[in-house]
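I opened this model to see how its parts pack. My entries follow in the order in which I looked things up.

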Amino acid sequence: MIDRRFFLGSAAAGAALLAAPGIAFARAATDRRFVFIIQRGAADGLSIVAPVGDPAFAGLRGAFVEDAQAGAKLDSFFTLHPALVETAKLYGTGEALFVHAVASPYRDRSHFDGQNVLETGATGAYRLKDGWMNRLLGLLPQGEARAIAVSPTVPMALRGARDVTSYAPSALPTPTDDLLARVGDLYASDPQLAPLWNDAMATRKLTGDLTGGGTNGAATGALAARLLAGAEGERVAFIETGGWDTHSGQRGRLATQLKGLDSLLAALKTGLGPDWSNTLVLVATEFGRTAAINGTGGTDHGTASVAMLLGGAVEGGRVAGDWPGLAPAALYQNRDLRPTTDLDALIANALGQHYGLDLGRTAAALFPEGKRPVPIEGLVRA
Amino acid sequence: MDAQTIALNRFGLGARPDEAAPADSKAWLRAQLGGFDPRPAAIAAAPTRKEIATQLADYIEETRGAKAGRQAQAQPAAAAPQPRPAAMTDMAEARGGTADKMLNDRLAGLPQSTQQYLRKDIRDHYLACIAARTDAALVTPAPFVERLVHFWANHFAVSADKLQVIGLAGLLEFEAIRPHVLGRFEDLLLAVEQHPAMLLYLDQAQSAGPDSRLGALAAARGRKLGLNENLAREIMELHTLGVRTGYTQADVVEFARALTGWTVDGLRRGAVGRALGFDDGDAGAFRFAEAMHQPGARTILGKSYDQTGVEQAKAVLHDLAGSPATARHIATKLARHFAADDPPPALVDRLAAAYLRSGGDLPTLYRLLIDAPEVWNPASPKFRTPWDWSVAALRAVGTKQLQGQAIAGLMTQLGQPVWRPGSPAGYDDIEASWAGPDALVRRVEAAQRIANRAGLVDPRALAPKVLPDMSRATSLALARAESPAQGLALLLASPEFLRR
């Protein structure tokens, strides 16, 4: 029961579809789209895809179990959070794949460092100066390597040698963001206020909700779709979401967050129209949260979480991963969901399949410091 | 920072655009010491003590009745069970929405009128008093004295997280502090220690001498009525002498014995109330209940007090007020509030000496502050507390009146809920307690909200009136703002406006 293995076997056909090694570009021109939605603040994977079949789950999760039981049944073991209504439909049509117990190579619990690792693709914080999405552009055909960040500035994941743009209309981020920037300028020469303000902004960016997180989800999704759709559209996009750091009052807050994400995904699909069938969306966070609820109705910084692959190109309709179990001895450091799937390997496999690239070559470019990843087949249809 | 700015902001509560700037700063401040109205219209409109205390007495009677139905159990006067009342649940509600349910659970089974009291009445009283305090601060012609009222209310802090205190907290400020802010410290002290809010907050109202008539009666029935040291200790530690100034635990206990019998009228009805000589028609008044007083002489700080009745503790308070330790304690706190977080020792010395010389005459100390060069030092501005900043911001945009709920919500969000410091020590008066990263962001958010609601205010025209010596950086930021409201928010959030 505890040792549930979902991988391998079921999708053996995928192996035949891998591109031959050594081919630089899969296609002269790709019409494929890739979107990375980052969940800043450490999203609670155990609430998003809840392992209700695990005998230890109810004991760890207390009142949260009500939500888990109210959600869509994904299989005999997992349910999806009830706020993810549209996502559940994607799952039903095979366009959503959830991979559980994933983690980046980062094993400490700082948002700042964890997001740096998640975005740079390094094995530790601040080791690389550019982001893996920027390096991905180097693998795509000339003229197709077009990427955009749906945010006021270019995030770490997209920074690097390749030119990328960022776009956020003034209506999208609340006017507060603009005011915050101006206040930052105003405090810059004040020896007392400047460091306090920089601290506050760093925290806010890492864990807060600069883009309006949940509530502006649909608008953000529709905007991203407009930027990506059609022959002239961008091929790669990065979308910010914040507000996942649910140390307290998690049930209400997480439901709002997930409703926003759900609307974002639905709007993206609607807006992309026919391009949705060629789209791969990755949703991932810097790390997960504690297995047990804390004293304030929330969860604290943890380790493994859940990653989502969505889109018309995804071989979905299942929960993948190597379930480590939630029994005390199975937990990482006696407190967190133990990572069993390397997020970097998942990304390299998914993008390799999506763009028809060799896995080793993809991994070497995106995650140059990591080991050659284990093949995980059948994630995305060629 | 020029003299006018210091007069308006460090001494006062911030400039109002509809008032002319003072030509002679020191004369303007001195004049306020002669023109302060302790009971302006806003304060006079606040709920009365009798109204608040009668409802509290009703509540105590009802919850006792409900309790007696379940088990016969005696409790000291006014020690009512404490469900979390509605006024205190704002934060929890904002977080998870479970507070309502918790309150409902606790209220289940209580009489309808009790539920109404906890849900609404007590909160209404609290908010009405907050509105009165704010309105008085917004339109006062004597902002320096209003600041001193707030200073003393924080020195003699009660905290509205205790049920009996919520409705009465504001009245301590209105009834005990405002009338004595320009008087002698001893009179201020006595008024505070005899106020029901303080007597209830620090558990004095239920403190009984073991050998008092009531104590003996209880003992005969196999129950123990206790001495409560809370008020005695805090008077010595916080209100007068200051911590670690030489008094001992034995002094605290002796003082607590002297204070027995100092209680609040009308909160206990029926036989016990009658035994205490309570007058239900005078609920909330100070009452010396001889039946609770520990008989005998007391020795405190080496001095013997053989007075009887209420005079005994009054004599102790008189001596405490006259102590050099008290002079230094008060001098230090005033110097910290007006000059710098680290009070200049020379200023403290001068204030302490003036205190002793004048017999604790407070205007003497205030005049000394007006004349002290340390207070006019532009190089050591004070970081505004959330209350200071909010009042200054509202005055700057011309607000004259505000709903209690609005200011209560604002102050809770900024981390300084009104009359709710959580401890009898009150709120800190140093920058380190208020100038944090998150606190700064909250102020900027509040600035934006205040600015958005201020209507058509042109910050370029307003700035010279409320910040006479604005920096070039701030003035540029205002000029470059994308809208008047944003410019106004930048003005309120500017480094100069965060300080006084």
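**Entry 1: a helix and its cover**

What covers the buried residues of α18(B)? I found that the cover includes α1 (3-11), α8 (143-155), α11 (185-193), α17 (310-321), α19 (345-358) and α20 (362-371) of chain B. Before going on I note that this is a predicted model, in which local features need pLDDT of at least 70, side-chain atom pairs count only at pLDDT 80 or more, and totals for chains, interfaces and linings use all residues. Residues are numbered from 1 along each chain as its sequence is written, and chains are lettered from A and ligands numbered from 1 in the order in which they are written.

My terms are these. Helices (H or I, at least four residues) and strands (E, at least two) are DSSP runs, numbered from the N terminus. A residue is buried if 20 or more other C-beta atoms lie within 10 Å of its own, exposed if 12 or fewer, and partly exposed in between, with C-beta atoms placed from the backbone. Two residues are in contact if their C-beta atoms, so placed, lie within 7 Å.

I counted 11 of the 15 residues of α18(B) as buried, so the helix is largely enclosed by the rest of the structure. Among the buried ones are B:Arg328, B:His329, B:Lys333 and B:His337, along with B:Ile330, B:Leu334 and B:Phe338. I also checked the length of α18 (residues 324-338) of chain B: at 1.5 Å a residue it should span 21 Å, and its end C-alpha atoms are 21 Å apart, which agrees. The expected span is 1.5 Å times one less than the number of residues.

**Entry 2: the two chains**

I listed 26 helices and four strands in chain B, and 12 helices and 14 strands in chain A. Of the 500 residues of chain B, 51% count as buried; of the 382 residues of chain A, 53% do. Among contacts in chain B between residues at least 6 apart in sequence, 73% join residues at least 24 apart. For chain A, residues 24 or more positions apart make up 76% of the contacts with a separation of 6 or more.

**Entry 3: where the chains touch**

The contact takes 23 residues from chain A and 22 residues from chain B. On the chain A side, α7 (175-187) and α8 (193-207) each supply at least two residues, and α7(A) gives the most, with nine. By class I found nine nonpolar, eight polar and six charged residues on that side. Here Ala, Val, Leu, Ile, Met, Phe, Trp, Tyr, Cys and Pro count as nonpolar, Asp, Glu, Lys and Arg as charged, and the others, Gly among them, as polar.

**Entry 4: nonpolar cores**

A nonpolar core is a set of buried Ala, Val, Leu, Ile, Met, Phe, Trp, Tyr and Cys residues joined through C-beta atoms within 7 Å. The largest has 153 residues, of which B:Leu172, B:Ile177, B:Ala197, B:Leu351 and B:Leu492 touch the most other members. Helix α7 (residues 112-139) of chain B gives the most to this core, with 12 residues. Apart from it lies another core, of 100 residues, among them A:Trp132, A:Ile239, A:Ala284 and A:Val314.

I then looked up B:Ile177. Leaving aside neighbours within four places in sequence, its contacts include B:Val149, B:Trp152, B:Phe156 and B:Leu188.

**Entry 5: B:Thr114**

B:Thr114 lies in helix α7 of chain B. I called B:Thr114 buried because 21 other C-beta atoms lie within 10 Å. Beyond four places in sequence, B:Thr114 is in contact with B:Tyr59, B:Glu62 and B:Thr63. B:Thr114 and B:Tyr59 are 55 residues apart in sequence and 5.7 Å apart in space, C-alpha to C-alpha.

**Entry 6: positive phi**

Most residues other than glycine have a negative phi. I noted B:Asp203, not a glycine, with a positive phi of about 65°. B:Asp203 sits in the loop between α12 (196-201) and α13 (213-220) of chain B, and is partly exposed, with 18 other C-beta atoms within 10 Å. B:Arg244, also not a glycine, has a positive phi of about 50°. B:Arg244 is in the loop between α14 (230-239) and α15 of chain B, and counts as exposed, with 8 C-beta neighbours inside 10 Å.
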